[in-house]
Amino acid sequence: MQPPKKEAWRIKASERPDPLRGKEAPGFDRFSQVYLALLLAAIFTAGLAYWVSRDERLDGLNQILRTNEQLQTYPYEFKVLELDDRVATVSSPQEAGLSVIHFLRTAFPNLRATAIDDPAIMAAQTQLVYMHHLAEGLLQAQPEVDRVRWKMDERWYREHGVFLDKLSY
């Protein structure tokens, strides 16, 4: 007489047949596991470094610039890049050595074929000066800012297909 069969759920794990016996277990090999662990560690470290280096003061100042209705409608977004010793470094599309015409013709496509002495160019240049003063005034009204320093935003030009090193100033 045979002993009664055990129900499948009552069989001990050691008594169950192993369908993978003699076969390689599915999953990553050792190299892939190490590579994945290093990759995840690098991503975590980069995220942590970004989080630690974030300056909430810059976020607050940039929020002030972003929420101003006049600056919102302008084709260039002024950004506070740095705050050091109460001096805010702010991105600008203009630099003393670069003609403002390059910016105006890039930011306002309808001015591309306009002569430099055209009233529309003059009005756009006046508007740029006003926006600079507006951004500067908003920032200097904050207790942590005494002065604003402007820094040329070369990235903006590159993103718009203008390569400053090829321009004649």
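How many helices and strands are there in the chain? There are 6 helices and 3 strands, where helices (H or I, at least four residues) and strands (E, at least two) are DSSP runs numbered from the N terminus. The model is predicted: local features need pLDDT of at least 70 and side-chain atom pairs count only at pLDDT 80 or more, while totals for chains, interfaces and linings use all residues. Residues are numbered from 1 along each chain as its sequence is written, and side-chain values use heavy atoms, with hydrogens and water left out.

**Whole chain**

Colour the chain by secondary structure and follow it along the sequence: the pattern is α-α-α-β-β-α-α-β-α. Of the 169 residues in the chain, 26% are buried. Buried means under 20% relative accessible area, exposed means over 50%, and partly exposed is in between (1.4 Å probe, protein chains only). Contact means heavy atoms within 4.5 Å. Among contacts between residues at least 6 apart in sequence, 57% join residues at least 24 apart.

Select E1 (80-84), E2 (87-92) and E3 (147-152). They form an open sheet of 3 strands in the order E1-E2-E3, with mixed pairing. Two strands pair if DSSP finds at least two bridges between them. The edge strands are E1 and E3, each of which pairs on one side only. Direction ignored, neighbouring strands of this sheet are turned by 25° against each other on average.

Start with the E1 and E2 pair. These strands run antiparallel and are joined by 4 bridges. Show valine 80, which stands opposite valine 90 in E2, then glutamate 82, which stands opposite threonine 89 in E2.

Move across to E3. E2 and E3 pair in the parallel sense over 6 bridges. Serine 91 has lysine 151 in E3 as its bridge partner.

**The turn between E1 and E2**

E1 and E2 form a hairpin with 2 residues between them. Select aspartate 85, which lies in the loop between E1 and E2. Its phi is near 50°, a positive value in a residue other than glycine. Aspartate 85 is exposed, with a relative accessible area of 69%. Then select arginine 86, in the loop between E1 and E2. Arginine 86 also has a positive phi, about 65°, although it is not a glycine. At 39% relative accessibility, arginine 86 counts as partly exposed. Most residues other than glycine have a negative phi.

**Helices H4 and H5**

Select H4 (residues 100-107) and H5 (residues 119-140), which pack at an angle of about 100° with their axes 10 Å apart. That makes H4 roughly perpendicular to H5. Axes are lines fitted to C-alpha atoms, for helices over the stretch in contact, and angles run from 0 to 180 degrees between N-to-C directions. Angles under 35 degrees count as roughly parallel, over 145 as roughly antiparallel, 65 to 115 as roughly perpendicular and the rest as oblique.

At the contact, Val100, Ile101, Phe103 and Leu104 in H4 meet Ile121, Ala124, Gln125 and Leu128 in H5. The residues of this contact divide into 7 nonpolar, 1 polar and no charged. Here Ala, Val, Leu, Ile, Met, Phe, Trp, Tyr, Cys and Pro count as nonpolar, Asp, Glu, Lys and Arg as charged, and the others, Gly among them, as polar.

Hide H5 and look at H4. Since 6 of the 8 residues of H4 are buried, this helix is largely enclosed by the rest of the structure. What covers its buried residues includes H5 and H6. Bring H5 back: H5 lies across E1, E2 and E3, running at about 135° to E3.

**The core**

What is in the largest nonpolar core? It has 33 residues, and those with the most contacts inside it are Tyr74, Phe78, Val80, Phe103, Leu139 and Tyr157. A nonpolar core is a set of buried Ala, Val, Leu, Ile, Met, Phe, Trp, Tyr and Cys residues joined through side-chain atoms within 4.5 Å. H5 gives the most to this core, with 7 residues.

End at leucine 139. Leaving aside neighbours within four places in sequence, leucine 139 is in contact with Leu61, Leu65, Val80, Val90, Val145 and Val148.
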